[in-house]
Amino acid sequence: MMVTTMALSLLRLLSLVPFLLMASPVAFAIHADQDGLYDWHHAHIGIPTQVLTARAFGPTRASSVIFASKYSSASVHAQTGEIKARFVMDEGEQTTNGVAWVTTNDFNKYAVASDGARFVRAFSVADGSLSWEANTYSASQIVNENKVLDEEGDSASTTQLIVSTPGGVACLVPATQTVVALTADEGEEMWRVALNGAAKYDALVAAPDQPDELWAVGTDANGKPALVAVKAATGTAGSVHVASSAALKPYVVSGGGLHALSADGTKLVSLNAKTGSTKTRALPSGGAHELVKDGAAGTSGLVAVRQADGTVSVLDASFKAAELKVLFSTANGAHAAVSSEVCSDGKGAPCAVAVYEASENSATVKVAADGGKVVATLQVGESFALATAGAPLSCHLAAHLRKDGGVTYRAVVVSEGGEVAMVHESGVVWQRDESLAPAKAIVALDPPQRRRRAAATAAAAASVFSIDNIMETMKLQFLQTKVRLHIATPEETALAKAMSAAASDRTLNAVDLNGLRKNLVVLGAHGRLVSLHSGDGRKLWATHVPIACASKASSDASFDVPSDLRVLRAALSGDSASAGGGAELLVVGRTSAGSYTCTLDGHTGAVLEAKTFDGGVSHVLQPTHVVDSLHRHPVILVVRKADGTREARAVPNDISPELKAQLARGVHFYEADAQRGALRGYAVTTNLQVSETWAMNFPGRHLLSLAQPQAGEAVHSHVKVLGDRSVLYRHINPNLLFVASGVSPADTRGRWTATMDGGVSTGTGSAVAPADASSSSTRLADRLRPARGSMVHVHLLDAVSGRVLYSISHDDAVGPVRCVISENFVVYMYHSLRHSTTEVSVLELYDDSARLTARTVSDVVFEMVPTAIPAWLARSLHIETDVYNQTMSAHAPPPLRVLGQSYFLSASVRAMGISQTLMGLASKLVYFAEEGSGQVFSVDKRLLDPRRPVKVEATHREEGLMQYSEHLPMGFNQFSLTHGHNVALVSKVVSFPSRLESTCHVVVLGLDMLYHRMQPSASFDTLNEDFSHAFLVLTITALAVGSVVTGRMAKRADLKVKWR
Amino acid sequence: FFVGFGSHHSGIRIPVSIMRPLSSVVFSVLVFVFVTLTPCHVASASASSSQPVEASSGAVADLVKYYPLMGTVNLGNGRIPHKDVRVSLLINSGERRSTVPLKDGSFTLLDVAPGIHILEVAAPGYRFPRLRVEMSARHAGKFRAALVENHRNILPLPLKVHPMGAVQFFEPRPQFFSLATLYRNPMILLMGFSLVMLFVMPKMMENMDEEQKKELQERMANQPSLTDMLSGRTTQDDNDNDNTDDNNASSSASTSTQGGKKKK
């Protein structure tokens, strides 16, 4: 009896703790003056595929440089490198087909073509506003003709489809094989010409030597280059010239015609645009070559070729010369990119070509003019060295006439790793890092150990004010007190903010006790790795994984190589860190030939070991809680060989006993074929053998979303005490697999594969088969929207056994489905056709086995504190003490009780995430990244509780349950994580715990990157960073003085009374 | 029409224990405001004007045509910078297309397939309603728009989208030493009342009759002290007080002697 009473009171106390932590949902909002204190935001453009500078001699200098990438186009301030205005493309439209100034002699407007030049948008350079938008052809043509556009790779996005003309812009539409000219002011159609002929045209360029002519360049059926000239003013097309022999892409237009390399790469095939004659000339150096895209193209007829060893030569390929002459060559082995030729308008200055050359340790831009003479050398600096920034990608030269008649050269250089810089003759003017747009993977590491002397110097360097000076500290405290009392002037407030930022230790790169400082290591495109400091977002180090770099240089493979980043060893504390036990990272990726792994030092980025092997890595598995004697977390790579078999490899190579023990139990993974709706489970067992364990098919459906819980997540308690003192037991399953299946648009133009009757056809082939003429129009119209009766089916599986734990279907719903899993709940969203809005559903899993439900509350309490009871007592009382260590078999799952509820959400969601804290005690926040606005909102998990009652009773109130309302409040006050910052194209919302339960780190990845230090349940274990100690001292002093004075006064008054 | 929703914040630090019920109240108010304000904030004017995109020669005549979708975003007389506004359309629950309004707030989404679409407008610091747009294939791209939450209430054309209100990203700082803060806080009110009573009570006592004062003093003396309460004598004493006058008299006598001592 006594025991039960004690237990009950203890349970109440324990259940009180989360309630105490549950502040209001708005409690974590920050104040306006705290903006930027705990968060930073980096805006990106993406690795530029095209760059526009005012490429003219003369006094006109463009104030902006225009960048276009796969994802966006932007005008960037020419002096500072800041983004002035940016337009981000939508997912279906993500192919920029070039940028061009609107009209040839004007730099006030630029036009961007996207989606195969279907849309052309013109923006003003001055303020970035949209001037006009034009549509060159209707996609209905393609839909009606049942055409399926070939999904071109990234090379398509780099082809130029738009050029400036004297009256506006002209663009080539590959889908309809027409050239359309648009006016400068309104974007109206000036003329339209159909390019007939056997050739397929895929690029449009301005003729180098004729200002009023445009050349459409393509390939005929036999792989021979073809060219047709179109008059820019009238749109009349000339005759089609086809080269006499087949040639390799890319084609370069330079001088009076088109140049390409012969199939073996040893000869240059030149097609004369005027006469249509073909000239084939042998390249001066032997061996296979590669033509540098746009390299040296201009009026002089130069082309640039790259040899197998990387050496780049600029050749004179004008039609007059019988043989090719080398004008300029880079140093042996240096990687280089060559700009187009820049010429004056008859002012006497020579034509010039810039060669951006990168070696192991440095990079330069050499400007060659007048027959290959180097007239200027621009130093790009160490940050563009091959090891850090990767091989040169492109170079853009601009030249200006000085008043004294001389010429000034400027260049914009772009490296493969995504470093972009504006270089003057005096040096680098600005530099942008676009490698993290978009980021692929992120890990958080503790900063290195603090070495006393180093830390002191770092602190001195980081702070503008010497805070060691006691006077400065006093001044800061005084100012902060003034700010607190609202008597400070705006200048003083700003000064206080600056001083406290300088005095703050959050920018220090040393490990801290509370884990508030982190090194965020982000993997970007092309195997580029960047470490950022969580305090202010500054770059600590950047590196280029060498194998990825080497493979890229040899072949122009696709931009997006699948890759992953893992922490092999977290930073250790104490002596072990100094004894070579520092943080270690593992990068895994694919090369054109196979795969690579690379281990790096987490704090310096130095490469420790790099390896290549055959076959593509399909899965990177890191069993949780498996740590070897060297504190490393081993990784298992699943490699798919060319013959379709799978094999596993362990990193580090030697299998530790700990990993062996785990392998004996099996390491499980799954493989999904989203299009065919197939799911297969595999297990890696002893001796690293891979075997298929289960398979599941979803015939006729696509897999819309798959999700698993975050590995190693902290769960505070496995029980949930309800208001009526009953207990629910959470079913916590780290192998839970969420699968959503249903219909999805078949292509980027939003055509659906579903048929009329709600049944779903199995593939695009049968659905798109043309029907008879009478019914084709209705069938087409219906294919534009998902069929009524489309459903989203949700299955919760066990990834080990493939067993279905729970299934549910949502009527009249379609994807995309986003999902997040944490503890014992699943939150997912889909689009409801019936209500034309987003629906969010939550499922909570509880263990309903009799063994658990038969237990009393006191049992639970003792199990929660197993160490408190001696073993002999537990035995005599028949209490199970090791409930936490009890595991359940995936092959015999307990009966489950699943609670669910759905809500409406008035927003489209791109990505979801969940907050992760140290112990999982603070309330959980679910992050929703909104599609249009780029805002990330946080919604308290309690709002998503499936037990929210329609009528709130006393027991509900005690439990903290809110009344059910069908709409989730989102988008309004103070729920925003982004505070007005726009994070474009959000792909992931990732959370890392700190060493304080109250605080977690949240990183939003997308085209942009946002970091925020969050407190999901307000700060209950730490003081605010802006807490005024001076004010506290002042208050205590005032109280002390007051008490002394009043004490004296009271004494005197008392004496007076006594004397009366 | 720019409604800020920040007024719910009382500007005081509320103890955690009363935060929870209060937050739910704040929340329901917020939801209520959201629901009630939504319909009345989308106003508009007259008829639609949309012209089909010229179909090229290749297409068969009776097939599906695509049309432009036009409208205007109310930028609040330039308060919302037009280049930061993004208008996006979810076309038939599949493809998404976005554009930016021109300086006057007008926008055109080109080449839109007929069907049921959702129009979303996003601007930093403001919240716009989501609209359900039905575009007809039969009537050459004529469309009608309604709120997603309320299909039946068709909005007049041309389409004009107004913001629902400004979003407040930051929690306002509580005003330090504001009178309003003081008198709203129940703890301060309690303290203030007791402080007032501290000064007023003696004055009231002075104005009392001697007899009344005596009676009061007696009653005060009879009140159980804290130690009594803890030792459980309270109920007994109370019973005694109620039942017998003798006890009462004796205790009053004792208090009077004490009072006498004090007076010395």
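## Close-ups of a predicted two-chain model

**View 1. Strand β60 of chain A has buried side chains on both faces.** V936(A), S938(A) and D940(A) point one way from β60(A), F937(A) and V939(A) go the other way, and every one of them is buried. Keep in mind that this is a predicted model. Since 5 of the 5 residues in this strand (936–940) are buried, β60(A) is largely enclosed by the rest of the structure.

**View 2. Here's the hairpin that β60(A) makes with β59(A).** Strand β59 covers residues 925–930 of chain A, and 5 bridges tie it to β60(A), with the two running antiparallel. Look across the pair and you'll find F928(A) opposite F937(A). The hairpin has 5 residues between its strands, and in the turn G934(A) takes a positive phi of about 70 degrees.

**View 3. Four strands of chain A make an open sheet, in the order β2-β3-β4-β5.** The pairing is antiparallel. At the edges sit β2 (50–52) and β5 (83–88), each of which pairs on one side only. On average, neighbouring strands in this sheet are turned by 15 degrees against each other, ignoring direction.

**View 4. Zooming in on β3(A), we get a strand with both faces covered.** On one side are S64(A), I66(A) and A68(A), on the other V65(A) and F67(A), all of them buried. With 5 of its 5 residues buried, β3(A) is therefore largely enclosed by the rest of the structure. To β2(A) it is joined by 3 antiparallel bridges, and V51(A) has F67(A) as its bridge partner. To β4 (residues 72–77 of chain A), β3 (residues 64–68) pairs antiparallel over 5 bridges, and the hairpin linking the two goes through 3 residues. Across that pair, V65(A) stands opposite V76(A), while A68(A) faces S73(A).

**View 5. Residues 1027–1050 of chain A carry a "transmembrane region" label in UniProt.** That annotation comes from an unreviewed entry. In the model, this stretch is 92% helix and 0% strand, with its end C-alpha atoms 35 Å apart.

**View 6. Over on chain B, a nonpolar patch shows up on the surface.** M201(B) has a relative accessible area of 37%, so it counts as partly exposed.

Methods
Residues numbered from 1 in each chain as written. Chains lettered and ligands numbered in written order. Predicted model: local features only at pLDDT ≥ 70, side-chain atom pairs only at ≥ 80, totals over all residues. Heavy atoms only, no water. Patch = residues over 30% accessible without salt bridge, like charges linked within 9 Å, V, L, I, M, F, W, Y side chains within 5 Å. Areas by Shrake-Rupley, 256 points an atom, 1.4 Å probe, with all protein chains shown as cover. Salt bridge = Lys/Arg side-chain N within 4 Å of Asp/Glu carboxyl O. Buried < 20%, exposed > 50% of the residue type's maximum accessible area, 1.4 Å probe, protein only. UniProt positions renumbered as here; feature names shortened; annotations may be inferred. Pairing = 2+ DSSP bridges. Axes fitted to C-alpha atoms, helices over the stretch in contact; angles between N-to-C directions.
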